[in-house]
Amino acid sequence: MFDFRGQGRGLALVAILMGIGAAAHAGESRLLYASLGDATRAPIGWVEFCAENAAQCQGGPSQPRDIVMSQAAWRDLLKVNRWVNETVKPITDQEHWGVIEKWSLPTDGYGDCEDYVLMKRKMLIDAGWPREALLITVVRDKKGEGHAVLTVKTDKGEFILDNQNENVVAWTETGYRFVKRQSQSDPNVWVSLGDNRPAVSTASAKDQ
């Protein structure tokens with residue numbers, strides 16, 4: 001059982017509703033959600049993780065489901081994001097496992113970006129959140145390097161849980177370029193996003 005320490009702080013739900021609602025009414029609802037492209041190859045880290053952790057990757061095709069962004073849901077996102085960020089200590093896969101890329105649940109307290117994502121996803125699914133709304137996402141960070149975050153798809157837009165940010169923010173506020181992510185209809189199918197350049201390893205540099 002996870003002990004969520006501290007109170008969730010950050011952007012108030014009313015601000016989210018007002019700000020995003022205003023954008024939608026202004027004809028900018030397309031900014032609430034990333035543009036999806038064609039099916040693409042899953043990251044090798046995910047494929048190998050699933051080979052070793054089949055229970056974490058179960059599920060065939062299903063109907064996409066979005067989270068209804070209530071005040072309680074927002075608090076839960078903040079708590080999960082901050083708890084994992086504070087609890088897991090950053091380390092590269094090379095330092096941790098002696099390999100360039102390895103996705104794993106950080107059960108020993110250490111991990112890099114995709115390991116933070118896997119833990120947040122697991123905690124939310126275990127708490128009853130639909131996996132169809134919790135999408136592992138590969139991006140290029142502000143340095144142009146590969147990075148992994150968790151996209152939470154809601155009725156108010158897409159929000160990002162990131163080990164480089166203690167707050168949960170809208171995907172358009174990250175400063176990242178979005179490359180690909182899991183399909184809502186099947187966790188083992190991945191779809192391309194806006195940036196079609198070949199993705200580098202998601203944790204090529206130590207996450208800060």
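Visitor: Which residue forms a salt bridge with Lys122?
Guide: Asp126 does, with the closest N and O atoms 2.8 Å apart. A salt bridge here is a side-chain nitrogen of Lys or Arg within 4 Å of a carboxyl oxygen of Asp or Glu. Please note that this is a predicted model, in which local features need pLDDT of at least 70 and side-chain atom pairs count only at pLDDT 80 or more, while totals for chains, interfaces and linings use all residues. Residues are numbered from 1 along each chain as its sequence is written, and side-chain values use heavy atoms, with hydrogens and water left out.

Visitor: Where do Lys122 and Asp126 sit?
Guide: Both are in helix α5, four residues apart, which means that about one helical turn separates them. Helices (H or I, at least four residues) and strands (E, at least two) are DSSP runs, numbered from the N terminus.

Visitor: Is Asp126 buried or exposed?
Guide: Asp126 is exposed, at 51% relative accessible area, whereas Lys122 is partly exposed at 23%. Buried means under 20% relative accessible area, exposed over 50%, and partly exposed in between (1.4 Å probe, protein chains only).

Visitor: How many salt bridges are there in the whole structure?
Guide: A search finds five. One of them joins the side chains of Glu132 and Arg65, at 3.4 Å from N to O. Glu132 lies in the loop between α5 (113–126) and β4, and Arg65 in the loop between α2 and α3, so this pair ties together parts 67 residues apart in sequence. Glu132 is buried, with a relative accessible area of 8%, and Arg65 is partly exposed at 47%.

Visitor: And what does Lys153 pair with?
Guide: Lys153 forms a salt bridge with Asp66, the closest N and O atoms being 3.2 Å apart. Lys153 belongs to strand β5 and Asp66 to the loop between α2 and α3, so parts 87 residues apart in sequence are tied together. Lys153 is buried at 13% relative accessible area, while Asp66 is partly exposed at 34%.

Visitor: Changing topic: what is the order of the strands in the sheet?
Guide: The open sheet has seven strands, ordered β1-β9-β8-β4-β5-β6-β7, with antiparallel pairing. Two strands pair if DSSP finds at least two bridges between them.

Visitor: Which strands stand at the edges?
Guide: β1 (39–40) and β7 (165–170) do; each has a single partner strand, so one side of each is left without a neighbour in the sheet.

Visitor: How many bridges join β1 to β9?
Guide: Two bridges join β1 to the antiparallel strand β9 (residues 186–192). Thr40 stands opposite Trp190 in β9.
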